[in-house]
Amino acid sequence: MKIKFSNPNIFNEDLNLVKNIIKSGWLAHGKYTLLFENEIKKFTKAKYCCLVSSCTAGLHLSCIASGFKKGDEVIVPAMTHTATAHAVEYTGAKVVFADNHNFTGNLNLKSIKKKITNKTRGLIVVHMSGIPCEMTEIVNFCKKKNIIIIEDCAHALGTFHKKKHVGNFGVTGSFSFYPTKQITTGEGGAVVTNDLKFYKKIKKLKGFGIDKDIKDRKKQGEYDVKDLGYNYRMTDFQAALGYKQIKKYKNNLKIRKKIAKRYIKNLQNLKGVVFEPFSNNNSYFVFQIFCQKRDFILKEFKKLGIGVSVHYSTPINRMSYYKNKYKINLKDYVNSDLYSKTNISLPVYPKLKNFEIDFICKTLIKLTRNEK
Ligand SMILES: Cc1ncc(COP(=O)(O)O)c(C=O)c1O
């Protein structure tokens, strides 16, 4: 049996739409960018949304719009994708790594407080594997300290904290539509915000810093550039693909939660494997488990054709670029180290069948009991 780690929720009608857009020749600046942005706003209840070429681009523009610069310090989790730290690093600000909470992988207030100095300007929280960070505590603390919060929501479309969608707690929230994510546009991302100033700035910077949209230009090709912008836009056929998937996402999310419940039921009494209890707030990007025999299990799963992943196997503070540049004291990161050595991401997607989930679980049970 071969089980994929991810399998996008894309159907023939979606492919036909993409084909028609490509055939039309109107591949960028089309109507699907707006339509997809509107659906993201509806789903997250954020006031503004900007599609971008990746979550990394969204985080980068969020850091620029926050004014991070050389001399500032911005706290990021040690346990995350390198994109979170890179976004800060591009601005010249100093990346300061905080240790994560055991098992959720998220930052918590205790770990953040340890890294605060009088240079701390910002904080990027990551809602790891779709589990929300404790945003009430974090927001209250950061307000008092005047620290800007940016949310990395790469794993978190459909994740809520106290009935509010993540991405609405910081100045911005950036989502990823990479192929393994809950919805995909190939490469792609979106930034949501409730602050008009941030929206305007990000919208301008994602298109070279050009001051006028095509529709607002009096004469063709006439515009000014007052800022150093980027080309971080998404094409219209990608936006159409995302639009079709987000329309079906409520149902997708329900299925993701059912899959998580099935994993939990199958694995609940298994010694040597731990995981978070079920939560309706979690969007289950993956089903994250932790086991001491992680590397052995990964090897055996590979032999059997079971697609699983690791998020992540090296904390960012241990990556050569950051370790060498910042001369980091590696002893400070006990939880991230443990997390990186023990985590396995089990697949979660609507096309995953019950018998496949049961096969993954049965195999895991056998392997943790040393049976082959
Ligand atoms: C936590 C986190 N942040 C940011 C990113 C970057 O996303 P993208 O590939 O859309 O740039 C990823 C990628 O998977 C991620 O896992």
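Rings of Phe, Tyr and Trp (its six-membered ring) pair if their centres lie within 6.5 Å. In this predicted model, the count by that rule comes to 14 aromatic pairs. The legends below take up some of these pairs and then turn to charged side chains.

**Figure 1. Y230 and Y232 form a stacked aromatic pair.** Y230 is partly exposed, at 25% relative accessibility. Y232, at 17%, counts as buried. The two values fall on either side of the cut-off, since buried means under 20% relative accessible area.

**Figure 2. Y322 and Y326 make a stacked aromatic pair.** Here the centre-to-centre distance is 6.3 Å, with an angle of 10 degrees between the planes. Y322 and Y326 are four residues apart in helix 11, so about one helical turn separates them. Y322 is buried, with a relative accessible area of 1%. Y326 also counts as buried, at 18% relative accessibility.

**Figure 3. Five aromatic residues form one cluster.** The members of this aromatic cluster are Y263, F275, F278, Y284 and F287.

**Figure 4. A salt bridge joins the side chains of K325 and E89.** The N to O distance in this salt bridge is 2.5 Å. K325 belongs to helix 11 (residues 320-326) and E89 to helix 4 (residues 82-89), so the contact ties together parts that are 236 residues apart in sequence. K325 is partly exposed, its relative accessible area being 47%. E89 is buried, with a value of 12%. In the model as a whole, the count of salt bridges comes to 20.

**Figure 5. D332 and K115 meet in a salt bridge between two loops.** The side chains of D332 and K115 come to 3.1 Å, N to O. D332 lies in the loop between helix 11 and helix 12 (334-342), whereas K115 lies in the loop between helix 5 (109-113) and strand 4 (120-126). The pair therefore ties together parts that are 217 residues apart in sequence. D332 is partly exposed, with a relative accessible area of 39%. K115, at 17%, is buried.

**Figure 6. D216 and K215 form a salt bridge that belongs to a network.** The closest N and O atoms of D216 and K215 are 3.7 Å apart. D216 counts as partly exposed at 44% relative accessibility. K215 is exposed, with a relative accessible area of 67%. Salt bridges with shared partners connect K203, D213, K215 and D216 into one network.

**Figure 7. The charged end of K164 sits over the ring of F169.** The charged end of K164 lies 4.8 Å from the centre of the F169 ring.

**Figure 8. The charged end of K351 sits over the ring of F11.** For K351 and F11, the distance from the charged end to the ring centre is 5.2 Å.

Note on methods. Residues numbered from 1 in each chain as written. Predicted model: local features only at pLDDT ≥ 70, side-chain atom pairs only at ≥ 80, totals over all residues. Heavy atoms only, no water. Salt bridge = Lys/Arg side-chain N within 4 Å of Asp/Glu carboxyl O. Buried < 20%, exposed > 50% of the residue type's maximum accessible area, 1.4 Å probe, protein only. Phe/Tyr/Trp six-rings, centres within 6.5 Å; stacked < 30°, edge-to-face > 60°. Lys NZ or Arg CZ within 6 Å of the ring centre and 35° of its normal.
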